[in-house]
Amino acid sequence: MTRRLVDTGPRGWLDIGSYARHGPGRRDRLSSAQVAFITRTVRRAPEVMIKMLNQGGRDLGSVARHLKYLDREGELPIETDEGDPLKGKGVSKALLDDWDLKLDAKRPPTADHKPRQMGKQPKLVHKMIFSMPAGTPPDKVLAAVKDFAREEFGAKHRYAMVLHTDEPHPHVHMVVKAMGYDGTRLNIRKATLREWRRQFARHLREHGVAANATERAARGVTRPQKQDGIYRAERRRDSTHWRQRTAAVAREMTPDGEIKPEPRKAKLLETRLRIVRGWNAIADDLARQGEADLAQDVRRFVTQLPPVRTEREWIRDRMLEQTRGGERAQFADRWKQDALASWQVFRGQQRQAEQARLRELEHVAKQSRRNSRTHRDDRTR
């Protein structure tokens, strides 16, 4: 059965029942957990992100390279399911040996290997990223991911993770062994990721970090998600995909800024209508149970939902804003510049510490070579 974001039945509220079910008592009241979820959403608590990296992971070489990238050739500690962090050169190779991935690579496909993947080498590991917006304490992000991993994979799958702070938003890379202790493979579906986002947000809140896990449509987000490579290229302002898309929209756009309507727009508008009806029904429920202030926040949230735009309309509007130098674009640029400046200060401090460490290592190496040369000269004499 298809999962519906908005229940179109008599109550018509958003599908928040997965956060807390009604008890056997009164059915016309929202539970405290549902009220808390609504509050976080309409007051725009930071949204968690879990991203799957689908490239690689099917052979030992790609897994080894990925682990070396994560721990920066032994410079960063690797947190594992065994509790003690590992650090140093050769640690990632030792981890692969400990996980018996060579044996997994030789296993024939099992019954739980997806039919559409038959003929492909099954995945040895799953690679994912847990991320929060800039400003979130990195140590709390790591602590929440560790709690999540213990709860989700403990005694079932081997896993390892590394915290990265080389970008403004703190993020944790995790690698999970696909083959479990019981011989079954870990299969990750969209419903799995939705549930993982909720659990990750819960663990962050337990560590005192405001975090939420809401469906994109419920927040009025209509811009399509892109693959990780396109996203990173866009951040570098070097995306071939976006250049081609922008050029296509520019060729089609009339002098008045109009573009041809898209069939997808009707579906987006229909979804938005259901979303608005659902939120309005929630506001009515809150008002009836005495939550007048929160009901008002919900109605305000609905009025502030971003306009429904297809990807081509979004590209068109961005081009027009940049051309006109609109205040909104200028404000966004100032905000990005401030965030980038803070991050650059942080990275500058990291680089200074790294340069000092490298100078010290170079000094020790020179001293060692000098002592060795002196010792050799003495032996010659």
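User: Which residue lies over the face of Tyr69?
Analyst: Arg72 does, at 4.7 Å from the ring centre. Bear in mind that this is a predicted model.

User: OK, strands now. Is β3 buried or exposed?
Analyst: Strand β3 covers residues 125-131, and seven of its seven residues are buried, so the strand is largely enclosed by the rest of the structure. Val125, Lys127, Ile129 and Ser131 point one way, while His126, Met128 and Phe130 point the other way.

User: Which strands pair with β3?
Analyst: Strand β1 (residues 49-53) pairs with β3 in the antiparallel sense over five bridges. β3 also pairs with strand β5 (residues 171-177), again antiparallel, over seven bridges.

User: Switching to rings. How many aromatic pairs are there?
Analyst: The count comes to seven. In one of them, Phe130 and Phe148 have ring centres 5.3 Å apart and planes at 55°, so this pair is tilted. Phe130 lies in β3 and Phe148 in helix α5 (residues 138-153), so the pair ties together parts 18 residues apart in sequence. Both Phe130 and Phe148 are buried.

User: What about Trp279 and Phe301?
Analyst: That aromatic pair is edge-to-face, 5.2 Å centre to centre with 65° between the planes. Trp279 is in helix α9 (residues 263-288) and Phe301 in helix α10 (residues 292-303), 22 residues apart.

User: Buried or exposed, those two?
Analyst: Trp279 is buried at 1% relative accessible area, and Phe301 counts as buried at 2% relative accessibility.

How values were computed. Residues numbered from 1 in each chain as written. Predicted model: local features only at pLDDT ≥ 70, side-chain atom pairs only at ≥ 80, totals over all residues. Heavy atoms only, no water. Buried < 20%, exposed > 50% of the residue type's maximum accessible area, 1.4 Å probe, protein only. Helix = DSSP H or I, 4+ residues; strand = E, 2+ residues; numbered from the N terminus. Pairing = 2+ DSSP bridges. Phe/Tyr/Trp six-rings, centres within 6.5 Å; stacked < 30°, edge-to-face > 60°. Lys NZ or Arg CZ within 6 Å of the ring centre and 35° of its normal.
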